[in-house]
Amino acid sequence: MKRALLASSCVVLACASGPDVRKRADAVAADVRSARELKAETCAPRELATAEANLRFARLALDQGDARRANAHLSTAEPAAREAEAKSRDCGKTVVAAKAPDPVRAALTVSTTDSDGDGVPDVDDLCPDVPGSAERRGCPLLTDRDLDGVADDIDRCPDLPGPKENFGCPWPDRDGDRVADKDDRCPDEPGSVENHGCPRRTALIVVRRDRIELKQQIHFQPNRAVILSDSYDVLRQVAQAIKDVPGAIRIEGHTDNVGKRSENLKLSQSRAEAVREYLVREGVEARQLVAVGFGPKRPIASNSTKAGRTLNRRVEFRMEEKK
Amino acid sequence: MARCATLLVVLALACGPVTATSVIDDAQRALVRARASDADRYAAYEATLADLYLAKAREEQGHARYSDARALATDALRYAQVAASKASEKRSSQALGRSAAVQQP
């Protein structure tokens with residue numbers, strides 16, 4: 001019986017405390033509001049935040065039916081709100097004092113703070129955290145040895161002129177072409193400013209409607225299908241041109257008429273294939289290329305002169321006609 | 001049919017802890033970022049709110065009140081983000097002000 005009475009009285013008390021806690025929460029909310037009006041967000045941010053958060057937690061606990069927990073949160077929120085209010089009031093006073101009509105009094109109020117202790121009050125100190133002379137308005141005397149406009153104390157390269165965007169250091173330039181790597185399209189090859197730091201490359205090929213014309217012939221080791229390195233540049237350009245062309249390309253190998261016809265035929269075929277392999281290595285699709293050796297069958301000059309024979313030993317690139 | 005419905009209910013209930021945990025993790029990360037940009041100094045109000053809300057969100061999650069936990073964590077995340085951006089803004093404006101002051105004779 002006693003137990004039942006005790007339990008019921010507890011329930012009654014708990015129910016009765018709900019509205020009381022809500023009233024208390026409303027009172028704290030009023031304190032928070034007034035603190036906020038006094039600009040507590042600036043003057044006492046932590047206290048205001050603590051008060052607001054705990055007020056919200058208290059209300060949440062009330063919604064969950066936990067008046068005890070709500071009370072505990074309000075016990076944190078209440079003093080925090082009061083402290084926020086008090087601090088903000090003081091904070092407001094300082095502002096008023098600084099704006100007071102009496103200039104001497106205002107100056108005295110403000111001059112009490114001097115964070116860097118350099119004798120220049122913070123209000124007049126352009127560098128309130130760094131000691132400096134009054135002549136320099138509280139800022140230290142800064143040197144700039146490399147005269148790049150970035151003071152030595154923040155210049156990461158105090159002896160080398162450099163832009164302030166790179167902390168006073170010159171922009172890196174790996175190839176030394178006076179075009180900074182950040183603007184250099186070829187940072188490892190020297191080139192002119194006009195060409196964005198890239199070397200000028202002369203065109204070694206001309207792409208025609210039906211063929212790719214070479215301005216420099218492809219050179220091979222004598223009687224072998226090994227391409228000489230001086231032909232790599234032209235072949236690279238050919239590879240690039242083929243990549244830009246949608247259709248198939250026929251690589252034709254030709255020789256002069258010196259030696260056995262069958263051997264020349266075989267050599268021209270091998271050379272055409274060597275070129276094809278090189279182009280595939282350069283990224284051209286293998287199915288786009290056909291290698292054909294014609295031997296001495298299609299001369300373009302007389303084989304009776306040395307100059308003519310030189311012209312006849314050649315590789316040609318022809319666009320395959322679409323069927 | 002009944003099995004399907006039961007499964008759906010179970011899945012729906014199971015989403016609570018998952019989403020709450022995910023938002024809490026996001027808020028935690030955002031708060032770490034804010035702290036890294038010195039939010040305690042430059043955006044104390046927002047940083048404190050984010051901190052308290054995050055702690056409360058964890059507490060609510062511990063009591064299996066996932067929707068409350070998620071709501072609090074969402075607010076914590078929002079405040080942490082505001083704190084981070086406010087702090088970085090204030091820091092950069094202060095740095096600019098200082099360098100301008102230094103350049104003046």
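Reader: What are the mean pLDDT of chain A and the share of its residues that reach 70 or more?

Author: pLDDT is the predictor's confidence in each residue, on a scale from 0 to 100; in chain A its mean is 82, and 86% of the residues reach 70 or more. This is a predicted model, in which local features need pLDDT of at least 70 and side-chain atom pairs count only at pLDDT 80 or more, while totals for chains, interfaces and linings use all residues. Residues are numbered from 1 along each chain as its sequence is written, with chains lettered from A and ligands numbered from 1 in the order in which they are written.

Reader: Over which residues of chain A is the pLDDT below 50?

Author: Where pLDDT is low, the predicted coordinates should not be read in detail. Residues 94–101 of chain A have pLDDT below 50, and this stretch has 7 contacts in the model beyond near neighbours in sequence, two residues being in contact if their C-beta atoms, placed from the backbone, lie within 7 Å. Residues 103–111 of chain A also stay under 50, with 10 contacts beyond four places in sequence.

Reader: How many helices and strands are there in chain A?

Author: Helices (H or I, at least four residues) and strands (E, at least two) are DSSP runs, numbered from the N terminus. Chain A has 8 helices and 5 strands, which follow one another along the sequence as α-α-α-α-α-β-β-α-β-α-β-α-β.

Reader: How many residues does each chain bring to the contact?

Author: Chain B gives 12 residues and chain A gives 15. On the side of chain B that touches chain A, α3 (44–62) and α4 (66–103) of chain B each give two or more residues, and α3(B) supplies the largest share, 7 residues.
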